[in-house]
Amino acid sequence: MIEILLASIPLLLLVASLLAGVYPGYEAIVRISERIASRARRWVAKSQPSPRRPAHRAVHGGLLIAFGHAQRPPPLAP
């Protein structure tokens, strides 16, 4: 019985603070949202996009074997 009571203390404290009108973590949420909004504004503020390198996909696995066989002819029959 005491274990259940000890485990429910954080929940009871959270409910009590919400009923009292105190929202724990509110300031942290506001700071994080302002930081995200400032990053979004900086992203929009860039007028000229930076040049991107073309996507280069490395061949690996079964595709590597297929490319290796495609570049040479099949062996001659004896």
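## Surface and overall make-up

The chain exposes about 8100 Å², of which carbon and sulfur atoms supply 68%; accessible areas come from the Shrake-Rupley method with a 1.4 Å probe, and for residues only the protein chains shown count as cover. This is a predicted model, in which local features need pLDDT of at least 70 and side-chain atom pairs count only at pLDDT 80 or more, while totals for chains, interfaces and linings use all residues. Residues are numbered from 1 along each chain as its sequence is written, and side-chain values use heavy atoms, with hydrogens and water left out.

The chain has three helices and zero strands, arranged along the sequence in the pattern α-α-α; helices (H or I, at least four residues) and strands (E, at least two) are DSSP runs, numbered from the N terminus. Of its 78 residues, 1% count as buried, where buried means under 20% relative accessible area, exposed over 50%, and partly exposed in between (1.4 Å probe, protein chains only).

## Confidence

The predictor's confidence in each residue is given as pLDDT, from 0 to 100. Its mean for the chain is 77, and 68% of the residues reach 70 or more. Among the elements of the chain, α1 has the highest mean pLDDT (89), whereas helix α3 (residues 62–70) has the lowest (70). Where pLDDT is low, the predicted coordinates should not be read in detail.

Ser 17 belongs to helix α1 (residues 2–19) and counts as buried because its relative accessibility is 19%. The side chain of Ser 17 reaches the backbone oxygen of Leu 14 at 2.8 Å. Leaving aside neighbours within four places in sequence, Ser 17 is in contact (heavy atoms within 4.5 Å) with Val 22 and Pro 24.

Pro 24, by comparison, is found in the loop between α1 and α2 (26–45), and with 52% relative accessibility Pro 24 counts as exposed. When neighbours within four places in sequence are again left aside, Pro 24 is in contact with Leu 14, Ser 17 and Leu 18. The C-alpha atoms of Pro 24 and Leu 14 are separated by 8.0 Å, although the two residues are ten apart along the chain.

## Leu 13

Leu 13 is also found in helix α1, and its relative accessible area of 57% makes Leu 13 exposed.

Note on methods. A polar contact is a pair of N or O atoms within 3.5 Å; within protein, one must be able to donate a hydrogen and the other to accept it, and residues adjacent in sequence count only if both atoms are side-chain atoms.
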